[in-house]
Amino acid sequence: MFETIRSKTLYTGPSYSFSVDTIMLPNGKPYDLEQLHHPGGVVVLALDGNGRIPMVRQYRYGVKQELLELPAGKLDKTPGESPEKGALRELEEETGCEGEHIKLLGIAYPSPGVVTEVLHIYMASIKGQTNQELDAEEFIKVEWYEKDTLRMMIADNTIKDAKTICAFSMAMLKGWL
């Protein structure tokens with residue numbers, strides 16, 4: 001195990017904080033480790049009655065390009081929000097789809113070397129349609145796809161979003177897709 005010698009928070013914002021922790025390595029040498037503290041996230045792969053999957057297309061500033069992704073988001077909207085409720089909330093906010101019959105596919109650590117995020121990955125059915133309720137900084141277009149089209153888009157690297165690839169792969173491996 002790595003022993004934490006000290007931790008210094010360098011930034012605290014509305015959603016994240018950033019710290020530098022000095023840890024003791026197994027070889028007895030200290031090392032400064034940068035950490036982005038994340039409240040946890042959710043992603044949901046939802047199917048309508050015809051087997052179509054809603055995807056969201058949005059510009060991602062960090063990679064300076066538009067990405068096609070499954071609906072997803074942070075768990076910091078409501079104090080104590082469960083991952084299941086967060087996944088259904090994000091599905092409805094981003095796509096206008098009301099979800100039901102939610103099942104946990106698994107959890108993943110998107111970038112465990114520097115980010116503390118635990119990503120909760122779900123699958124759900126769509127029971128109805130409402131309206132998108134986007135945050136002020138969200139500019140999202142909803143697109144619908146068949147699973148075979150998405151499989152090809154993942155295989156040919158058209159879809160590059162890790163959480164989408166992970167959710168789709170987990171659903172396929174479990175035989176749920």
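In this predicted model, a nonpolar patch on the surface is formed by Leu104, Ile107 and Tyr109, which together have about 300 Å² of accessible area. Such patches are made of residues with over 30% relative accessible area and no salt bridge, with like charges joined within 9 Å and nonpolar side chains (Val, Leu, Ile, Met, Phe, Trp, Tyr) joined within 5 Å; areas come from the Shrake-Rupley method with a 1.4 Å probe, and for residues only the protein chains shown count as cover. Ile107 is found in strand 8 and is partly exposed, with a relative accessible area of 41%, where buried means under 20%, exposed over 50% and partly exposed in between (1.4 Å probe, protein chains only).

The protein chain contains 3 helices and 10 strands, taken as DSSP runs numbered from the N terminus (helices, H or I, at least four residues; strands, E, at least two), and from the N terminus on these elements run β-β-β-β-β-β-β-α-β-β-β-α-α. The C-alpha trace spans about 60 × 35 × 30 Å along its principal axes, and of the 177 residues of the protein chain 38% count as buried.

The buried residues of helix 1 are Gly86, Ala87, Arg89, Glu90, Leu91, Glu93, Glu94 and Thr95, and they pack against strand 4 (41-47), strand 5 (52-60), strand 7 (72-74), strand 8 (97-108), strand 9 (119-129) and strand 10 (141-146). Just after helix 1, Gly96 takes a positive phi of about 80°.

Within helix 1 lies Glu94, which is buried yet has no salt bridge, the nearest side chain of opposite charge being that of Arg60, 5.9 Å away. A salt bridge here requires a side-chain nitrogen of Lys or Arg within 4 Å of a carboxyl oxygen of Asp or Glu; Lys and Arg count as positive and Asp and Glu as negative, while His and the chain ends are not counted. Leaving aside its neighbours within four places in sequence, Glu94 is in contact (heavy atoms within 4.5 Å) with Val56, Pro71, Ala72, Gln132, Leu134, Glu138, Ile140 and Val142.

Residues are numbered from 1 along each chain as its sequence is written, and side-chain values use heavy atoms, with hydrogens and water left out. Local features need pLDDT of at least 70 and side-chain atom pairs count only at pLDDT 80 or more, whereas totals for chains, interfaces and linings use all residues.
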